[in-house]
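Dear colleague,

Please find below the structure that I am handing over to you, with its sequence. My notes on what was found in it follow directly after.

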Amino acid sequence: MDVKARDFIPAAQVALSDPALRAAVKRATDTAAKKRLATMFWAGRAHGEALRQQAAQARRRALRDLPALLEQAEAAMTANGIQVLWAADGDEVRRLVLDIAARHEVRRAVKSKSMISEEVALNHALQAHDIDVLETDLGEFIVQLSGETPSHIVTPVIHKSKETIRDLFVRELDMPPTDDAEAMTQFARGHLRRAFLEADMGISGGNFIIAETGALCLVTNEGNGRMVTSLPRVHVALVGIEKVIATVEDYATLTQILPRSSTGQTMTVYTQMIHGPRAADEDGPEHVYVILVDNGRSDIYPTDYAEALACIRCGACLNACPVYEATGGHAYGWVYSGPIGAVITPLLTGLENASPLPHASSLCGLCKEVCPVDIDLPRMLLDLRRDLDEAGHTPPVWKWGIRGWAMVARSPRLFGLAARAAGLGGRFLPPRPPLPPPLNGWTRTRDLPEFAPKSFRQLWAERQKAGKRDD
Amino acid sequence: MTSRETILSKLHAARQPFAGLPPAGDMIPVVPAEDTGPAALRARFIAAAEALSCTVTACPDADAAIRHILGLVGTDSTILSWDLKHVPLPGLGAALAGAGIAIAAAGDASVRAGLTGVDAALAATGSLLLASGPGKPRGASLLPEVHIAVVAAGQIVPDLETWLAAQRAAGLEHLRQLNSVVMISGPSRTADIAMETVMGVHGPGALQIVLVGES
């Protein structure tokens, strides 16, 4: 997928002027955040927090031992009959999948959700080689039909209204018009069921790989993950190298904390452990391939951003983020959005290609607080701002602004003057004064805050003079 | 160098992150353990499964369970099914034959109802755990509109942690031979269209749990 993260600011402005989009995203993220709280902390704050730390440690231990666990996982999967392949980058992923497709004479493929496949634009490569590929997660199917990209890693069409989806189905699939979400879903079920039964190859992602058992672990609510991994002759899973975990006990924690953080479910409807292709006397795919994908991850591993690799892609930080809530996911310009997107997009695609993203945060800290594996996203956003600055990617006007503020904040005299000026300005300026650029970037869409007639420092000085004591 | 070697050598050469972590200690279960006596487990399983929109029908004995299943199948002439030796209901085969209900070939997607047993049921989350294997086709719990799952009360365990601990005790080699293990927690569902929950997207839209026996 092309990286358009440099256009975050204009793209966000478009999103901000679309009230329907903002309402849809707000409703969806508020609902998910509320459900998360209810399932994460139903047994009390202390239990939920202990669980988070348990999950956080499981992921960090896995990253600590990553190369050894990858070798262990590869050996276990191979012993189970899974064919393990390694891909350094997007080119190699596409080549490997095309090779597999050619070897097994694949004409039609069905896919369950895989964010890595979005990273490497797999669908285009397959279609260019005359292989039909159909997304089967209902949201991803809608995204594919409309020629868009997902706007949320868990709920990809969070930005689309029911009416838009209705019109899309009527136009593209000849659906009899209906406004009933259930009827629309049933229509899609029929359409996709035929595709499942005809497909030669199923493509999936992977939520975890358990190193000690070689299990490929998947979660889906709709059942498309089971279809894709059960019905076609060939199953190919694309899994990031960071997804390996050590033990089945770690799996028990992580696969249960994932839906609690993500959609607020206690369990995802279909939680799968796949150990191998079918045996002679059972149903299932004849061939299972797991492609372990690097695509930039090993560059992050030795850095202070290694923590970002602990992410289990639950989407809780998106649902908590005031910036995501205001802009939706498309403004972020690549596969991943929200706070985790603002961190990994620059790391995976290059700082210079995503320079606005680390600034797309108020640093309120909620993303860290809701993260099921306690990733310190605000710390990394700040560090990325430093890296951007050192690499010369900070716009000059921001630098002057920050320098000016630093000068004022360091001097008690200047700070006092500034506070008094703000108080005076608040009294005499209109709520949206016609300030010159770049200051109008703030006042165009916001009222000036109302300042108290006297600053704290003035009040304090008067109080001291009057001989009062703080008791 | 192959990509495998490139990636692994890069990771091996890197400064190890999180080097100071403590070793894995005792872990707390995701759902705190309460009373794990048979009656309490049964009650928790029923409550959790019903909260997931499953229909749970408790039957005191096999005969009652078979009568209930025949009612669910109704006038259908075929069902998808596990080999009945994996369904803990003696007499079910004869009853189905007597009612003129045939078992369709695994993979027949035109059949309305699918019948399975389970390998375990998880009380904490109301989940059914099904492993694939000979006579236990995956399609029976996936392709039809209605999934009928027969659970013997003795198959209920507290949670996923307990089931995995039993697998470890028995040797993880056995677990690895189960090519597909799935935990099913309620009917297939989506909320992709305007956040409205809809059942039965790709998998069954109804999950009928037939719970047999008192404990």
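Glu119(A) and Arg297(A) form a salt bridge through their side chains, with an N to O distance of 2.7 Å. This pair ties together distant parts of the chain: Glu119(A) belongs to helix H6 (residues 115-119) of chain A, while Arg297(A) belongs to helix H13 (residues 297-300) of chain A, 178 residues apart. Both Glu119(A) and Arg297(A) are buried. Please bear in mind that the model is a predicted one.

Over all chains, the count of salt bridges comes to 37. Another of them is formed by the side chains of Glu282(A) and Arg138(B), at 3.9 Å from N to O. This pair crosses between chains: Glu282(A) sits in the loop between strand E9 (270-274) and strand E10 (287-293) of chain A, and Arg138(B) sits in the loop between strand E6 (127-131) and strand E7 (146-152) of chain B. Glu282(A) and Arg138(B) are both buried. There is also one network in which salt bridges with shared partners join Arg60(A), Glu307(A), Arg379(A), Asp383(A), Arg386(A) and Asp387(A).

The salt bridge between Arg171(A) and Glu172(A) has its closest N and O atoms 3.5 Å apart. Arg171(A) has a relative accessibility of 58% and therefore counts as exposed. Glu172(A), at 43% relative accessibility, counts as partly exposed.

I turn next to the sheet in chain A. Six strands make up an open sheet with parallel pairing, in the order E1-E10-E7-E4-E2-E3 (chain A). Strand E1 (83-87) and strand E3 (132-135) of chain A stand at the edges; each has a single partner strand, so one side of each is left without a neighbour in the sheet. On average, neighbouring strands of this sheet are turned by 20° against each other, direction ignored. Within the sheet, strand E4 (residues 201-204) of chain A runs parallel to strand E7 (residues 234-240) of chain A, and four bridges join the two. Gly202(A) stands opposite His235(A) in E7(A).

Trp398(A) is placed in helix H19 of chain A, and its relative accessibility of 33% makes it partly exposed.

Leu363(A) lies between helix H16 (338-349) and helix H17 (366-370) of chain A, in the loop. With a relative accessible area of 31%, Leu363(A) is partly exposed. Not counting residues up to four places away in sequence, Leu363(A) touches Pro378(A), Leu381(A), Leu382(A) and Arg385(A).

In chain B, Val111(B) is found in the loop between strand E3 (102-103) and strand E4 (113-116). Is Val111(B) buried or exposed? Val111(B) has a relative accessibility of 5%, under the 20% limit, and so counts as buried. Leaving aside neighbours within four places in sequence, the contacts of Val111(B) are Thr78(B), Ile79(B), Leu80(B), Ala104(B), Pro144(B) and Glu145(B). Val111(B) and Val146(B) are 35 residues apart in sequence, and their C-alpha atoms are 9.4 Å apart in space.

With kind regards

Methods: Residues are numbered from 1 along each chain as its sequence is written. Chains are lettered from A and ligands numbered from 1 in the order in which they are written. This is a predicted model: local features need pLDDT of at least 70, side-chain atom pairs count only at pLDDT 80 or more; totals for chains, interfaces and linings use all residues. Side-chain values use heavy atoms; hydrogens and water are left out. Two strands pair if DSSP finds at least two bridges between them. Axes are lines fitted to C-alpha atoms, for helices over the stretch in contact, and angles run from 0 to 180 degrees between N-to-C directions. Buried means under 20% relative accessible area, exposed over 50%, partly exposed in between (1.4 Å probe, protein chains only). Contact means heavy atoms within 4.5 Å. A salt bridge is a side-chain nitrogen of Lys or Arg within 4 Å of a carboxyl oxygen of Asp or Glu.
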